[in-house]
Amino acid sequence: MAAMVALILFGLGILVLVIRRDLVIKLLALGLVNAASILFLVSIGDRPGARAPIQLPGEAAILVDPLPQALVLSAIVVNFAILALALVFVMILVERYHTTDSNRVEQEMARESDEEETPCL
Amino acid sequence: MPLILLPLLRFAFAFLTITFARARKLLTIISHLIDAILLSQLVLSLVRGAPELITVGGAPAGIGISLIGDQIGLTFAVLAWILSVAVSAYTWQDRLRPYFFLLLNLLIGACYALSFTVDLFNAYLLFELSTLVSFLLVGYQRQPRQIWASLHYLVLSSLGMSMFLLGIGVVYAHCGSLDLAELKTLISASAGEPWMLLAGSLLVVGIAVKAGIFIFSLWLPSAHARAMPAVSALLSGLVIKMGVVGLFRLAAVFPIDLPLIVLGAITGILGIIYALKSYDIKRLLAFHTLSQIGYILIGFGAHTDVARLGALSYEVAHGLFKALLFLTIGEAAARAGGSDLKTLIENKRDIPRGTRIALIIAVLGIIGLPPLAGFDAKAILEDGLPTTVLRLIMLLISIGTVMSFAKLTPVLLSRSTCRANRSRILSYAWLGAGIILFWPLSLLLVSPAINLHALSVPHIVEALAVIAGGGLLYALTRKKQFRLPDGIFHLEQSPLVILVGFFLVYVLIVLGG
């Protein structure tokens with residue numbers, strides 16, 4: 001069930017990534033895609049009636065598979081770093097071109113010739 | 001032990017160079033020497049027939065993260081070392097902020113670790129690390145075009161890595177392990193099952209976005225053309241190859257020979273067509289990276305021992321001459337005031353003599369003049385190809401390479417009025433020596449019998465005929481105008497193209513498996 005939700009979110013994220021031209025919304029969609037892949041990984045470790053993977057002495061409960069959860073932690077951190085960096089890039093571009101529309105940024109960039117180009121910040 | 005020390009020491013040096021910024025030059029020399037010792041130790045144990053194999057933390061195999069110093073991994077690690085030395089020499093006297101060297105060391109460390117890893121999730125993290133560092137390196141000078149190229153790179157590679165993660169999920173759900181050695185037995189037992197086909201294509205697409213394959217790496221032309229020369233050299237010579245090593249590792253587990261061959265042919269031919277029409281020389285080199293990856297993929301997908309050795313040697317050869325091309329063209333463009341062909345030809349006298357000689361060697365290397373690097377590796381590869389169709393595709397790519405580099409002839413043939421600085425010359429000499437001495441050096445990788453066969457008369461005649469034919473074709477067709485669709489290199493269309501590519505790979509895996 002959760003795996004299906006994850007796959008639907010994944011497709012939705014890609015759809016938004018393709019059809020919207022606003023850079024911030026594109027990045028949000030990218031975040032959705034990343035989150036969907038993480039949800040998928042977590043849902044794999046699930047078993048019916050299972051609890052969090054903490055083994056108490058003298059108890060034999062059904063536990064979820066802890067490995068995907070451990071993997072997901074690193075993936076979340078990585079995705080956070082990448083999304084933060086992408087937003088910084090967008091901020092730099094907005095300061096220069098005053099727009100978050102990806103088409104307009106590309107047009108403005110094509111209009112500037114190489115000589116005029118000066119570093120941002 | 002050296003398997004763990006190589007990447008970890010690089011990370012340590014990364015933080016040392018930023019803490020003790022003044023001792024940067026000393027630290028750089030020490031780190032390269034240590035790497036050389038560790039690498040030679042690994043090569044020795046491989047030659048003795050007992051490649052280093054280690055599972056981190058002493059956990060049982062299949063649970064712990066395994067690293068292996070086999071032939072594939074070591075070839076890539078040695079290439080990483082050679083290029084890192086060249087880039088250090090190139091930037092020796094440049095006034096760059098300390099954090100540039102921090103990123104450089106992190107990148108090399110990640111590349112070492114990636115060449116040795118045989119664990120899918122470890123590979124995922126290292127891919128993310130190497131690309132995260134690459135984004136920062138591409139945007140280092142903070143020019144808006146660099147930032148834009150970097151953002152494009154980021155969006156596509158993040159999308160690719162999400163698909164890779166989905167693939168990891170599918171594999172783990174069915175096999176319960178992420179160690180490639182374990183997966184090999186588990187997956188060969190379930191050949192042709194739908195989940196395996198899906199997982200294989202997700203993993204392949206995830207890596208292909210980083211590996212410089214035409215329909216997936218659409219970020220590559222602008223990122224490699226906009227970055228600083230030293231950065232482009234590393235990205236093109238090394239970071240792309242990390243994707244290729246990932247594909248090589250996957251090919252041992254999943255039945256992806258057919259996708260590799262088809263993608264290789266597509267990227268080889270399309271890359272050349274776009275290279276023919278680009279007059280910005282750095283962009284031309286970037287398109288050539290896309291097309292040369294084609295040789296490597298075709299060689300590896302052909303699945304014969306000789307062709308695989310050829311693919312490995314071509315990967316080293318390509319690293320050498322593409323890095324040299326980017327470094328020399330970068331300096332030439334800085335002196336001439338622009339990297340488009342017209343500016344370069346107008347100001348060709350401003351290009352220093354040492355740079356020009358190095359550029360000539362690199363161009364002769366890539367077009368395959370015997371007995372330089374490109375020729376030798378291509379000849380080995382060709383000897384191993386099983387069918388004539390593949391040979392014809394390779395021939396086409398070779399002729400296209402000669403045609404697109406023929407544009408540079410006026411830049412190569414002229415006099416110089418100035419000299420390059422010494423550290424740059426040293427860097428060029430280091431890579432140039434590798435290109436010229438490639439044939440004797442490749443004896444380390446390839447057995448003498450195969451290597452001698454590569455230098456036989458038919459191969460030499462063929463290489464010379466290709467160069468002559470390519471030059472002639474360029475002279476005949478240089479006035480022809482044609483337009484190529486440019487939209488796929490924009491952020492709007494490229495994610496869609498990747499999705500189409502995913503279905504293509506899926507179909508190919510179904511057909512091939």
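Reader: Is B:Arg142 buried, partly exposed or exposed, and which count tells me?

Author: This is a predicted model, so keep that in mind throughout. To judge burial, count the other C-beta atoms around a residue; 20 or more within 10 Å means buried, and 12 or fewer means exposed. B:Arg142 has 14 other C-beta atoms within 10 Å, so B:Arg142 is partly exposed.

Reader: Where does B:Arg142 lie?

Author: Look at the loop between helix 5 and helix 6 of chain B. The backbone deserves attention too. Most residues other than glycine have a negative phi. B:Arg142 is not a glycine, yet its phi is positive, about 60°.

Reader: Which residue of chain A has a positive phi although it is not a glycine?

Author: Take A:His98, with a phi of about 55°. A:His98 sits in the loop between helix 3 (66-97) and helix 4 (102-111) of chain A.

Reader: What about peptide bonds? Which two residues does a cis peptide bond join?

Author: Start with the general idea. Most peptide bonds are trans. In this model, B:Pro370 and B:Pro371 are joined by a cis bond, with omega about -5°. B:Pro371 belongs to the loop between helix 15 (353-367) and helix 16 (373-384) of chain B.

Reader: Now a glycine. Is B:Gly264 buried or exposed?

Author: Count again. B:Gly264 has 28 other C-beta atoms within 10 Å, so B:Gly264 is buried. Find B:Gly264 in helix 11 (residues 257-276) of chain B. Then look for partners beyond four places in sequence: B:Gly264 touches B:Gly294, B:Leu297, B:Ile298 and B:Gly301.

Reader: How far is the C-alpha atom of B:Gly264 from that of B:Ile393?

Author: The two C-alpha atoms are separated by 9.7 Å. Along the chain, the residues are 129 apart.

Reader: How do I read two packed helices?

Author: Packed helices are described by the angle between their axes and the distance between the axes. An angle over 145 degrees counts as roughly antiparallel.

Reader: Which residues of helix 3 and helix 10 of chain B meet?

Author: From helix 3, they include B:Phe76, B:Leu83 and B:Tyr90. From helix 10, they include B:Leu234, B:Gly237 and B:Phe248. By class, this contact has 13 nonpolar, one polar and one charged residues.

Reader: At what angle does helix 3 of chain B cross helix 19 of chain B?

Author: Roughly 160°, and the axes of helix 3 and helix 19 (residues 422-436) come within 7 Å. That makes helix 3 of chain B roughly antiparallel to helix 19 of chain B. Among the residues in contact are B:Val85 and B:Tyr90 of helix 3, with B:Trp430 and B:Leu431 of helix 19. The classes are eight nonpolar, three polar and one charged.

Reader: Which residues touch the most other members of the largest nonpolar core?

Author: They are B:Leu107, B:Tyr124, B:Leu234, B:Leu324, B:Ala362 and B:Ile435, out of 218 residues. Helix 13 (residues 305-336) of chain B gives the largest share of this core, 19 residues. Pick B:Tyr124 and trace its contacts. Leaving out neighbours within four places, B:Tyr124 is in contact with B:Met161, B:Phe164, B:Leu165 and B:Ile168.

Reader: Next, chain A. How many helices and strands are there in chain A?

Author: Four helices and zero strands. For overall form, check the radius of gyration. A compact globule of 121 residues would have a value near 14 Å, but chain A has 21 Å. Its C-alpha trace spans about 75 × 30 × 15 Å along the principal axes. As for burial, 27% of the 121 residues of chain A count as buried.

How values were computed
Residues numbered from 1 in each chain as written. Chains lettered and ligands numbered in written order. Predicted model: local features only at pLDDT ≥ 70, side-chain atom pairs only at ≥ 80, totals over all residues. Contact = placed C-beta atoms within 7 Å. Helix = DSSP H or I, 4+ residues; strand = E, 2+ residues; numbered from the N terminus. Nonpolar A, V, L, I, M, F, W, Y, C, P; charged D, E, K, R; others polar. Rg over C-alpha atoms; globule rule 2.2 N^0.38 Å. Core = buried A, V, L, I, M, F, W, Y, C linked by C-beta atoms within 7 Å. Axes fitted to C-alpha atoms, helices over the stretch in contact; angles between N-to-C directions. Parallel < 35°, antiparallel > 145°, perpendicular 65-115°, else oblique.
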